[in-house]
Structures are given as C-alpha cells and as structure tokens.
Amino acid sequence: SACFAVFRCEPGKDKTKDFLQYRRVPAGWVSGGIKDNRPLYRLPVVANETGLPVIVCEGEKKADTLHKALPGLSYWVTSPSQGSQSPEKSDWSPVKGRSVVILPDNDAPGSAFAQKVAALCLKANAASIAIAETFYGKKPNDSRDVADFLAEAGSVDVVIEAIKKAKPFGLTPRKDYSSRVSAPKFSKNTLQTVTANDLEKM
C-alpha cells in the first residue's frame with residue numbers, strides 16, 4: 001500500500017509550483033516528507049512486475065504523462081521524490097537487476113540529474129543503465145522535457161525510439177597506452193643518462 005504522497009499545487013501561494021508531502025505512520029497520514037530512503041514513484045503499481053524496464057523522469061508529472069502515453073504496462077515509469085532536487089535521498093534498490101533508461105530535461109540541471117541517477121542505479125546493481133538524448137528541446141538548454149513534447153502532440157513512438165537508442169552509462173573508456181608509460185625519474189638538480197634499451201623497456 002502507499003506510504004508516501006505528494007500533492008502538486010499549480011499555481012501555489014506565490015504563483016509558482018508548490019508541493020505538499022505526506023507520509024503514513026501507524027496512526028494514519030501526517031504532513032511532511034520522508035527524510036531518507038524515499039520510495040520511488042509508482043512503486044506499488046509494479047512491485048511484482050520485476051521484469052519491466054525502468055524509465056526515470058525528473059518528477060511525478062513527467063512520469064505520469066509518459067506512463068499514460070506508453071502502450072499498456074510496458075515500462076515502469078518512475079521518478080525520485082522531489083524530481084531532480086535530491087535523487088540520492090531515494091531508495092534505488094528496486095532497480096537491482098533491471099534495465100534502466102533515464103530521460104533528462106533539456107538543460108544543464110537535467111544533464112546533472114541524469115549523471116547522478118545513473119551513478120545511483122549503478123550502485124544499486126541495475127542490469128544496464130542508459131541515458132536518452134534530449135530530442136524535445138527546440139534549442140540547447142531551453143528546459144523542455146518529455147511532458148512538454150507529448151503535450152504538443154509529439155509522437156510517443158519518437159520517445160520509444162529515443163529509449164531504444166539511449167547511450168549506455170558506466171563503460172570505462174579505453175586508456176591510451178602512452179598514459180601507462182612512466183617518464184624517467186630524475187633526482188633534483190641531477191642529470192642522468194637513459195640508454196636506448198631502457199627507454200624501449202619503458
């Protein structure tokens with residue numbers, strides 16, 4: 001059953017977005033969020049669907065929009081609590097053994113969010129992790145997201161194609177051989193001779 005709820009108020013008191021959080025305690029629901037190990041969004045819906053690939057968005061609204069657009073229960077579309085603010089405070093253990101694709105917003109914070117989430121999923125032993133290209137921005141860094149794209153009648157097929165083509169995360173680039181060759185060491189103010197054979201060995 002649900003243990004955490006977030007209410008989005010738009011516009012809020014200052015004509016901006018406000019978020020109200022509630023958590024369940026033995027006596028019922030109380031105001032306030034969960035400090036650490038927050039559940040990932042829509043976790044109860046897919047708790048038993050362990051084979052579903054995971055799509056991570058920056059916030060519940062984007063996750064809901066994409067979930068409604070995708071055919072059937074084809075993916076677990078989720079978000080950490082409070083979107084991009086503090087993904088490290090969410091419990092990522094449910095992604096263990098799953099394929100994860102991250103759909104960041106089209107801006108610098110979105111890119112930073114994707115890197116943080118990818119590292120957290122790697123630590124949680126996800127089977128694979130990839131980051132999708134931000135195809136929904138009309139220009140670089142204009143803060144558009146997948147919900148904006150779908151709201152403007154963008155095709156969900158385009159989103160699915162971006163998910164399939166997402167770039168894998170966590171591969172260690174091959175180092176250039178020259179970086180592993182140590183330079184000859186010299187003591188201070190002392191000039192030493194290095195033979196051709198010694199140089200070849202280095």
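The structure is a predicted model, in which local features need pLDDT of at least 70 and side-chain atom pairs count only at pLDDT 80 or more, while totals for chains, interfaces and linings use all residues. Residues are numbered from 1 along each chain as its sequence is written, and side-chain values use heavy atoms, with hydrogens and water left out.

## Overall fold

The protein chain holds five helices and eight strands, where helices (H or I, at least four residues) and strands (E, at least two) are DSSP runs numbered from the N terminus. Read from the N terminus on, these elements follow the order β-β-β-β-α-β-β-α-β-α-α-β-α. Of its 202 residues, 35% count as buried, a word that stands for under 20% relative accessible area, with exposed meaning over 50% and partly exposed in between (1.4 Å probe, protein chains only). The accessible surface of the protein chain, found by the Shrake-Rupley method with a 1.4 Å probe, comes to about 12,800 Å², and 52% of it belongs to carbon and sulfur atoms. A contact means heavy atoms within 4.5 Å; among contacts between residues at least 6 apart in sequence, 60% join residues at least 24 apart.

## Paired strands

Two strands are said to pair if DSSP finds at least two bridges between them. The table lists two such pairings.

| Strands | Sense | Bridges | A bridge between |
|---|---|---|---|
| β4 (residues 54-56) and β6 (residues 99-102) | parallel | three | Val 54 and Val 100 |
| β6 and β7 | parallel | four | Val 101 and Ala 130 |

## Nonpolar cores

In soluble globular proteins, nonpolar side chains tend to be buried together. A nonpolar core is a set of buried Ala, Val, Leu, Ile, Met, Phe, Trp, Tyr and Cys residues joined through side-chain atoms within 4.5 Å. The largest one has 20 residues, of which Ile 55, Leu 66, Val 77, Leu 103, Val 146 and Val 159 touch the most other members. Two or more residues of this core come from each of α1 (60-69), α3 and α4 (156-164), and α4 gives the most, with four residues. Apart from this core lies another, of 19 residues, among them Leu 40, Trp 92, Ala 118 and Leu 120.

If residues up to four places away in sequence are not counted, Leu 66 touches Ile 55, Cys 57, Val 77, Leu 103, Val 146, Leu 150 and Val 159. His 67 lies in helix α1 and, at 24% relative accessibility, counts as partly exposed. Leaving aside neighbours within four places in sequence, His 67 is in contact with Arg 42, Leu 73 and Val 77.

Phe 135 lies in the loop between β7 (128-131) and α3 (146-151), and Phe 149 in helix α3, so the pair ties together parts that are 14 residues apart in sequence. Phe 135 counts as partly exposed at 26% relative accessibility, whereas Phe 149, at 17%, counts as buried.
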